[in-house]
Amino acid sequence: MRKRKVQQLEAMAAAGGRSLWQEALRRFRRNRMAMISAGFLVLLVVFAAATIIIDAVTGNAIYDAKVISQDLTHRLQPPSKDHILGLDEFGRDIALRIWWGARYSVFMGASSVLAAIVMGSILGAIAGYYGGVVDNVIMRFMDIMLSLPYILLAIAIVAALGPGLINVLIAISISYVPEFARVVRASVLSMRDQEFVEAARAVGASDRKVIFSQIFPNTMAPLIVQATMAVAGAISSIAALSFLGLGIQPPLPEWGAMLSNARTYIRDAWHITVFPGLMILLTILSLNIMGDGLRDALDPKLKN
Amino acid sequence: MKRVLAVALSLFLMLALAACGGGSGSVAPEGDDGTSTAAPAGGASEAAPAGGDEKDTLTWVQGADVTSLDPHVGKETPAVMVTCNIFDTLLGKDENGHPTPCLAESWESVDELTWTFKLRQDVTFHDGTPMTSADVKFSLERAIASAFVSYVVDFIDTVTADDEYTVTIKTKSPYGPILANLAVPFTAIVPKAAVEADEDAFVVNPIGTGAFKFVEWKQGDSIKLEANENYWGGAPATKNLVMRVVPEAAQRLIALENGETDLAYEIGPNDLSKVRDHANLELLEAPSLSVFYLTLNTQNAPFDNVKVRQAIRYAIDKPLIVDSMLYGSGEPADATIPPAAFGYSARSKVYDYNLELAKELMEEAGYADGFTCELSVNDNPTRVEICQVVQSQLKEIGINVEIQVLEFGSWIDQLGTGEHEMSFTGWTCSTADADYSYYSLFHSSQTGYPGNDAFLMDPKVDELVEKGRESANGDERQAAYDELEEYLGDLTPYTPIYYSNVNVGASSKVQNFVVDVNGYHRLHGVSVAG
C-alpha cells in the first residue's frame, strides 16, 4: 500500500516540479486553521525561549523579583491596567507567570516526546527489521505498557522516582515510547522488503546503515504527525502531574501547578484559574489542529 | 425496513438504560440503611412517622481520615474527632476547662501523691459488659505503655482497683494537672476483656462506653457510627452518624451548601465569610488551644545550629501570614503554649520580623550563601499555601526551601521517625495546661511520635519541664515555666507562626452543637431538624 502511495506521490511531485516535502508544505499552507495554530505555537516557542534568554542575561533578576516574589497585601487582585491578567493568591502577576511558565509546557513537552521518539524508533526499527523472536519480545512488552493509560503510567513512574522536573520528563517520555515503537515498526515492516532496501543490502550495507539511512527517512511522515499529537498529550500530562502535586513543584510557574494552587479560590477570584487553564487549552488545541493539518498534508490519502 | 429496525432498537436501548437508572436509584438508599443499622426496615419506618421533626442521620465532613481507631494510638485531631464519640474518659471538662464527672462520678486527693476515683456503676461497654475498676486499671496501664500517648499519663506510678468501682491512682511525684490529663480523650477507658481477647480485632472494631457505637470504617473515605441507646448519659439525639473525609476545604463548604452534610469541620480561611453571609448556614468559631509552627529537626545540620534557627524566626513575618493567608482568623504566635492555657509565660522571647538580623545570624552561623532544605507538610491546601509563603520568606535569607506535600499518615510517620528536615505542623494543648505541651514537645523522653519532633534533647530543658510538672503549687509551676520559656527563647527548636481558631460550618438545622476548643466536637446531644 505504502509502496504504491510513495510512487504516486513521487509521480505527483515530479509532475509539479516539486519534491514530496514541498508538496506537503504547499498543502499545509492552504489549511488556514492549521496555519493559525502553527503561528500560535511558533509565538509560544519564541516567547518561551525569550524568557530563558532574559533569565540568562539578567541572572534571574526579573524572575526573582516579579515571577516568584510574593506580595501578600495585594493578593487575588482582579485584572487591571498594571496587571492585565490580575494577581494570584500570593500577589504575583499572572501574566508574567504564564509567560515564564511557557517554557515548562513547551520545552518539556517537546523534549519528553523527542526522547520518546528516539527510544521508540530504535525499539520499533529493531522489532520491525529483525522480526521473529526479537519483534515478539519487544512488541509484547510495548503492548503491556500500552495497556496502561499514559497518565497512570506516568503517575506510577513519578511516584517511584519522586516529583521534580527531570523525573516528570522521564516518566512522560517512557509512557510515550510504545506509541512510537508501534508506528515505526509498522513503517519498517512495510518497507523492509522493498527494492531500494534490498538494493542497499545487496551492495553490502550493514543492518544499521540500512535501517538508519534507507528505511528510517521514509518513516518520517507518520512519525511527525504522531509526534505533534504526542506533544499535546505530553503537555497535558505535565500539567496533570503538576496539578496532582507530583510534577513541577512550587514556586515554579508551571501552568498545571498554577491551576492546582488556584482551585481553592475558584469562587473568590475567577481570573487565577481561568488564564492558566486557557493557556493549556489553547496550546493543546493548537497542537492538535496542527497535527491534523500535518496529517492531511503528509498523508493526503487519509483525508477522506 | 432497516431504518425502522434501527429506530426500534435505539428506543429499546433507551428504555433499558432508563430502567437501569431507576433500578439503581431505588436500591441505593436501602443499601445504605442496611449497612448502618441492624434492622433497616424497622429503623426507617420508625424514624419517618415519629413526627418527621428530626433526621435520623447526622453527617459531618472533615479534612483528614482517622489515623487509628485505637484511642491509645490515634491522638491526632482527625482521629479524636471520631473516637471521642465512641469512648469516654474518667473525667470531662466544662466550658471553662474545669474537670467534671464522666466515668468517674467523684474523686478526692488523699495526699499529694494519691487520688481515689469513684466510678459510675451504670456504665456498660457497647458489647454489653459492665465497666469496672479492672477496665480502668487496664486502660490507664495500656495508655502508659503506648508509645503514642504515654506522655499524657506517664506521671502515674500505679493504678490499683480497690473494689469493683473504686480506683486509686498513685503518681510518681506531686502532679498538678492530673485531673486535666484524665479528661484527655487518649486516656479513654477500653474494655479489658475484649482487648485482651483479640487486640487486633479491637483496633479495627473499637468498643467503648461512649454515646455512639462503631459500625464501619472505609479507609480514606468514611466512618459510620450508630447511637448507643443504653448510654449512661442518656440516648443520643441522633440515631446515626456519618463522617466523610473531604480533604479540600472548598469542597467541604460546597458539600455543606448543597446539604450533602450537616456539619463541615475546618472551613478554609477564604471561605469563612461565605458561611457567615449564607442565609442557611452558621459559622461557629472560637480561639483554639492549637498553635502552628515550623519544627526543625535539631539533630541534623543545618538546624542543629542555634543561629540558623534564630535566623528563621526573624525571617518569618507572622502578622502578614495571619492577616493575608488566614484572613485574620487567628493570632500571630511567639510561643508554643496558647495564652489561654495555665502556665503560659509572658516571658517568651519575641522575634519580630527582621531581615537584617536574620541575614546576620545566617552569616554568623556560616551559611552566608544559604542552603537547601525540605519542608514537609500534609496535603491540606491552607497549610500548603502557608508553606509557600514560608518558602518565599526564607528565600530572602538564602534558604532554598523545597516543599514536600505528604498524605497525613505518611507525614505523621515522617515526623515520628525523624526523617524530616523542616516541617509545618501544629500542636493542640488538649488539657489547657502548659505541661501538656512542654512535656511532649520539649522533653528528651518524648522525641518522635509523642510530639518532640524537633528531637530536642537538652538536660536543662528536661529539668525545668520536670520541675513544672512535679509540683501541685501553681506559683512554683509558673516560676518554672517562666524560667523555661526564657531559656527556650534563644534555643528556639520550633518556629511558632500562629494560634489558630477552631471553626465549624453548620447548617442552621443543626441544634445543640457546641464547639470544642480542641476540635474534639462531641455529638451526643446534637440533632438535625428534618
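Trainee: What makes β5 (residues 114–119) and β7 (residues 166–171) of chain B a strand pair?

Mentor: Two strands pair if DSSP finds at least two bridges between them, and five bridges join β5 to β7 of chain B, so they count as paired. They run antiparallel, and B:Thr116 stands opposite B:Thr168 in β7(B). Strands here are DSSP runs (E, at least two residues), as helices are (H or I, at least four), numbered from the N terminus. This is a predicted model, where local features need pLDDT of at least 70 and side-chain atom pairs count only at pLDDT 80 or more, while totals for chains, interfaces and linings use all residues. Residues are numbered from 1 along each chain, and chains are lettered from A in the order in which they are written.

Trainee: Why are β4 and β6 of chain B left without a neighbour on one side?

Mentor: The open sheet has the order β4-β5-β7-β6. β4 (104–111) and β6 (156–163) stand at its edges with a single partner strand each, so one side of each has no neighbour in the sheet.

Trainee: What makes B:Val390 a contact of B:Phe424?

Mentor: Contact means C-beta atoms, placed from the backbone, within 7 Å. Leaving aside neighbours within four places in sequence, B:Val390 has B:Phe424 among its contacts, along with B:Leu294 and B:Leu375.

Trainee: And which residues have the most contacts inside the largest nonpolar core?

Mentor: B:Val390, B:Leu90 and B:Ala264 are among them, in a core of 144 residues. Such a core joins buried Ala, Val, Leu, Ile, Met, Phe, Trp, Tyr and Cys through C-beta atoms within 7 Å; buried means 20 or more other C-beta atoms within 10 Å of a residue's own.

Methods
Buried ≥ 20, exposed ≤ 12 C-beta atoms within 10 Å, placed from the backbone. Contact = placed C-beta atoms within 7 Å.
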